Amino acid sequence: MMAADGALLLSLVEEFVSGLQDSKAKDTAAGVRNGQFTVLQLVEALGLSLTSSQPHTRARGVQLLSEVLHECYGNLTEREVEVLIAFYENRLKDHYVITPSVLQGLRALTKCAALPPGSAVSMLRSLFQDVHVQSLMLMERSCVYNMLINLMETREAELKGLGADFVFGFVQSMDGERDPRNLLLAFQIAKNIVHRGYDLGKFTEELFEVTSCYFPIDFSPPPNDPHGITKEELIETLRAVLTGTPKFAEFLLPLIIEKLDSDVQSAKLDSLQTLTACVSQYEHKDLAEFLEGLWTSLRREVFQTSSERIESAGLAAVTALTSCLSRSVLNSDSEDSLSTFLDLVLKDCKHHLCEPDLKLVWPSAKLLQAACSASSRASHATTAAVMPSLIEQYSSRTQCSHRRTLLEVVLRFIQSVKTSQSSENEESVFSAFRQSLCGMVFSALSETNASLQITATSMLTSLAQQTGLLLDSDVELAVDHLTRLLLTEEDDRVSLAVVDCAGALAELHPTVFITKLIPRLKKEMFSEPMDEGDNRAASGQPSHHAMRQRCLSALAAVSTRPGVVRESTPVLLEVLGSVHAGSAAFSVEEVVSACHSLRRIAEQVQDTEEMGRCFHEVVIPRLISLALQAALQGEGSSGRRSPLVEEVVLSAVVSVISTSCARLQPMLAGQTASRAVSLFLDDDVSFLPDNSFPSQIQLLKKQQGDSWSRSQMVCLLMGCVCSLPRSVEVPQIDQLMSQLEELSCTCSHPLSYNSAAKCFSGLVNKRPQGDSLDSLVQTMMKRVCRELDSSSSPVRTQALTLMIWVSKALLLRYHPLSTALTDKLFSLLDDTDLGAAAADGFSLLMSDSSDVLNRGCHADVRIMYRQRFFSENSAKLVQGFNAAPQEKKSNYLKALSNIVNKLPKQVQITELPALLSLLLEALSCPDQGVQLSTLSCLEPVLVDPPPALIQQLEALVSRLLALTSSPTMSVKIASMRCIHAISRFPEHEILPFRARVLRALARPLDDRKRLVRSEAVQARGEWFLVGSPGGR
């Protein structure tokens, strides 16, 4: 070491020890890191300080060394570490004021990679012998625990060599710890001891006692706790200790039984969850002597609890306990613990199952089912004991309520057994009762009681899911019953249950549904309704319309297997075909339902090439063909108009095509795109069935006069090409985009120009980044701006529509050109004719679209695009509002309301204070949509009001009270909810408004709408309590 460096080191030591300059520790550490001097040279320089007769001087010297080691422990050699450990171990015997710094130094040394062999044991022996840990301050105790954790991670073998002495030393160190931060560390050490196989020796009970005294955890962190220690964290860590070894069983199980007697709900819950966790580690012999006590406690908790969480935890514990006992291997000379436990359960619960009119039937059933679900052995024993009695009870009871209760109990047993089966092909434990169970189900399905029928459909589903419980003849009989109920039952709840059951059964037994159900439903749907409308009602049967709706729903529900889909889709397509041809009297609503059923099939069917071809070659061409025929037929000056040209039907058809195309395999998707583009650009109808179309269809050309039936077919193109995966290349894309732009800017028919704009935007969103896309968007912008800037243009609305949709397409993918379009939209808020429409356009920008530009259509949608748009444009909106003339301000308020209302609630709460003045203005806006939207934005903010809001309380209360007299019910309700929320503000802030609010809320108490009166009562009741003695 250079003389200058030596002088510097002595100077640093002197300034730290005598001058009490703590910052010199970092300078010293920097010198060691830079190689100016070593740690041992620092020890030499500290010589006089370390040998001083003054304890505080020695403490400062050791503190400097420890702080330097904390910074530089990674560079120490093994020889240096050895010397330092010897030094620190010796210092542990020194004055108590030195101990904290010694512990800091030892903690740093435990992190050293160069720790010599045997030094870990040496350190711990000195620590346990010379330091009484619980007499130390909080930080020093933490230091000890961290030392142990470090050594357990790096020197585990050495610590295990200490044997039970290590456990004893830890127990002494932890005994009496109270701080939650240190407890978390201590529990972690205990967990490592238990889980990593340390020798507990004769200190097993001591380790259990020193940790279990904290069970159950009762800790509530202080508000704004900077340490982040939670009650749940302490519970989980302690539970891992207590449940970590079967050696604790003889101590833990009596403790759990004792704690279950507690009146504190959280203690009960923790005890039950701990029991569930520990028995997964135990063997049957660990539980044997405690079974009766555990069962008594568990039975009491389930029978008598008023808490669903306690009940669920108790049932989970019964299942875990039974599962543990089921793992025992039976010897000829050993007692069967599982049988012993199940005998206890059956003795206390079985007789209650014979009392379906008493309240203990359900707790008893749940306990038996919890045991039943634990294992195959348990399920065989339980079902053999209870099923004969339940079946006999069902046969002997005549009251529907009793039979329903018994049927639900049996259903729960079937469902619980399903969870315990080791494989799907394993023979069911109910095989011996198969015939009786089927008889119960079919008997219940034949009853007239709706609740009994609904329970029977659930049981039928569960029986079908168990191996071998339904024979083919049973399935056929089941389908007959389901069909009868579907066609004749008046209760909609029953029909919904039947449809769900049919869907589940068709998944397992498709053939019967193909041969029996689908032909029968088809026959009934195409039958003509009876002339005497009162006959069906008088006989308790649903109307013909309701019956058709159910049939359509059932066709969708059963269509999950390819074989069923091939039979059901032609029936649904025939509904559309017959309506178009006029051969069947289906209503528009029924046609839409048929389309919804087709869409549901497309969503749920297995994603295979076979199913893809079914939709690609049959469903999609047939739908396009029918829609095209309807469009051409609608152009005639006379004759009937096909329902398929109605907008609501076309929208439903588009949803089928869109859903189908979104799930097509890449090859089929490419073919679909090619076909659709060829049809709309080249009039290629070769792929369509019933090909009798004229040679010149020209679907994308503007039609003469008021005819729009062909131009609106562009919505079908949108369904085909806008839902395809982004990897699919759309052919003739430039020509297609040009014609879509032309149609959207020239057509006067709303559905046509809206669909063309959507289709254009859907393709823009998926188009690859580059000059081609930029050029396309800029060309479109020039045309749109030209039309919008001309006040005499007849197509300004069309141009605005196209601009909004393309803005959305670009905004979703963060394209830089979106800013120019949205800026143009902002500027239109001042337009006399288009201002209101432009404000509504912001709602479209921020909302999810159902038919295009969504993730289901494979659109390019980036996360948090709404937040990004808001942060980039909120200032522009405020500036525009301030600069706008009074008559145009309402457009800005409407735009703001539309934007903010679609933001996530958390973002609203953060951002709204800055926009508060505008939102208060919006409450005075005459547009009721703006009022409602603004109120829905304000309500979550009022829960935790920012200071800016309290300062504006006068204006806010005045505007809200004015809205309680609104002619619109939803505005009244929303305003009163906000007034209700204000009642929770600081009392001194709202007390001046109390009388005014109570007077204003008296009027809606007499409102003719019950929901308004209810909201007024709640709000007024809270305001009455403001300032009253006792308060709220």
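Reader: Great, how big is the largest pocket?
Author: The largest pocket has a volume of about 400 Å³. On a 1 Å grid over the protein atoms alone, a pocket is an open set of points with protein on both sides within 12 Å along at least five of seven lines. A volume is the space filled by probe spheres set on the points, which are joined across faces, edges and corners.

Reader: And which residues are the closest to its centre?
Author: Ser-651, Val-654, Met-718, Ser-850 and Asp-851, out of the 24 residues that line the largest pocket. Lining residues have an atom within 4 Å of a point.

Reader: Before I go on, what should I keep in mind about the model?
Author: This is a predicted model: local features need pLDDT of at least 70 and side-chain atom pairs count only at pLDDT 80 or more, while totals for chains, interfaces and linings use all residues. Residues are numbered from 1 along each chain as its sequence is written, and side-chain values use heavy atoms, leaving out hydrogens and water.

Reader: Thanks! Which helix gives the largest share of that pocket lining?
Author: H34, with 9 residues. At least two residues each come from H32 (588–604), H34 (647–662), H36 (714–721) and H38 (750–766). Helices here are DSSP runs (H or I, at least four residues), numbered from the N terminus.

Reader: What lines the largest cavity?
Author: Its lining includes Ala-602, Gln-606, Met-611, Phe-615, Ser-660 and Arg-663. Helix H33 (residues 609–633) gives the largest share, 3 residues. By class, the lining of the largest cavity has 5 nonpolar, 4 polar and 2 charged residues.

Reader: And which elements give two or more residues to the second largest cavity?
Author: H33 and helix H35 (666–682) do. H33 supplies the largest share of that lining, 4 residues. Among the lining residues of the second largest cavity are His-616, Ile-620, Arg-675 and Cys-720, and the classes come to 6 nonpolar, 2 polar and 1 charged.

Reader: Switching to helix packing, at what angle do H19 and H20 pack?
Author: Helix H19 (residues 308–326) and helix H20 (residues 337–349) pack at about 150°, with axes 8 Å apart. Axes are lines fitted to C-alpha atoms, for helices over the stretch in contact, and angles run from 0 to 180 degrees between N-to-C directions. H19 and H20 are therefore roughly antiparallel (angles over 145 degrees count as that).

Reader: Which residues of H19 and H20 make the contact?
Author: Leu-321, Thr-322, Leu-325 and Ser-326 of H19 meet Ser-337, Leu-338, Phe-341 and Leu-342 of H20. Contact means heavy atoms within 4.5 Å. The residues of this contact are 5 nonpolar, 3 polar and no charged.

Reader: Last one, how far apart are the axes of H15 and H16?
Author: The axes of H15 (residues 249–259) and H16 (residues 265–279) are 9 Å apart, at an angle of about 155°.

Methods
On a 1 Å grid over the protein atoms alone, a cavity is a set of points where a 1.4 Å probe fits but cannot get out, and a pocket is an open set with protein on both sides within 12 Å along at least five of seven lines; lining residues have an atom within 4 Å of a point. Angles under 35 degrees count as roughly parallel, over 145 as roughly antiparallel, 65 to 115 as roughly perpendicular and the rest as oblique. Ala, Val, Leu, Ile, Met, Phe, Trp, Tyr, Cys and Pro count as nonpolar, Asp, Glu, Lys and Arg as charged, and the others, Gly among them, as polar.
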